[in-house]
Amino acid sequence: WNRTQCGKFTDLITQWGREVTPDGVLPEYPRPQLQRGDNSWLNLNGLWGFKPGAEGEQPPFGVTLPQSILVPFPVESCLSGIGTTYKYLWYRLLFTIPSQWKETVFLHFGAVDWQTTVYVNTKTVGTHTGGYDPFYMNITSALIPGKQNELLVFVFDPSDDGAQPNGKQRISAINNPGGD
């Protein structure tokens, strides 16, 4: 993983951005005031497999994706290591749930822009539409505790194309900041 250039003409990176590495990126519990004391949560931030996708493409189950992306940064961000936009995207992660976890397991996302389909071990565990809101899915029935699990996330991100809210994330602003 290497971050890409931050800025079209110059490399504008903050001191904190320079310190980001794939090891331990945002390792803290996401809601510190509600932190669990029993280590019954797993942070999936870090390097994931990545590849641009296509409309209607079948999930690449069991396939190592050709690029790496640093999650939780947006694909367009220099800190993601990709630094460009795609309309369709695949993310893949292999992870292990501790065998002692006997409770319901939820997969939480801070936000994914715009439409998301999530697969665990070839099973569709849920979909979500919306770009600026956190969401979660119960993935318990798809997991194999104590063994390696495959998580695939397919994203459709039309950015400026379509009627969905887009806020500051406008592709047109890349070449014409503030001009539309």
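Hi everyone, let me start with a definition: two residues are in contact if they have heavy atoms within 4.5 Å of each other. In this protein chain, among contacts with a separation of 6 or more, 61% are between residues 24 or more positions apart.

A word on where this comes from. This is a predicted model, in which local features need pLDDT of at least 70 and side-chain atom pairs count only at pLDDT 80 or more, while totals for chains, interfaces and linings use all residues. Residues are numbered from 1 along each chain as its sequence is written, and side-chain values use heavy atoms, with hydrogens and water left out.

Now the overall layout. The protein chain has two helices and eight strands; these are DSSP runs numbered from the N terminus, helices being H or I with at least four residues and strands E with at least two. Along the sequence, the pattern reads α-β-β-β-β-β-β-β-β-α.

Two strands count as paired if DSSP finds at least two bridges between them. As one example of a pairing, strand β1 (residues 46-52) is joined to β3 by four bridges, and the two run antiparallel. Within that pairing, P52 stands opposite L89 in β3.

Let's look inside. Of the 180 residues in the protein chain, 38% count as buried, meaning under 20% relative accessible area with a 1.4 Å probe, protein chains only; exposed is over 50%, and partly exposed is in between. A nonpolar core is a set of buried Ala, Val, Leu, Ile, Met, Phe, Trp, Tyr and Cys residues joined through side-chain atoms within 4.5 Å. The largest one has 28 residues, of which W48, I69, Y91, F95, I139 and L151 touch the most other members. Two or more residues each come from β1, β2, β3, β4, β5 (115-120), β7 and β8, and β3 gives the most, with four residues. Take I139 as an example: leaving aside neighbours within four places in sequence, I139 is in contact with F95, V105, L107, V120 and V125. Apart from this core lies another, of eight residues, among them I13, L70, F73 and C78.

Next, the aromatic rings. The structure holds ten aromatic pairs. Rings of Phe, Tyr and Trp (its six-membered ring) pair if their centres lie within 6.5 Å; planes under 30 degrees apart are stacked, over 60 edge-to-face, and the rest tilted. W90 and F154 make a tilted pair, 4.5 Å centre to centre with 45° between the planes. This pair links distant parts of the chain, with W90 in strand β3 (residues 88-96) and F154 in strand β8 (residues 148-156), 64 residues apart. Both W90 and F154 are buried. F109 and F135, in contrast, are stacked, at 4.8 Å centre to centre and 15° between the planes. Ring pairs also link F61, Y88, W90, Y119, F154 and F156 into a cluster.

One last stop: is Q164 buried or exposed? Q164 is buried, with a relative accessible area of 11%. You'll find Q164 in the loop between β8 and α2 (172-175). Not counting residues up to four places away in sequence, Q164 touches W114, P158 and S159.
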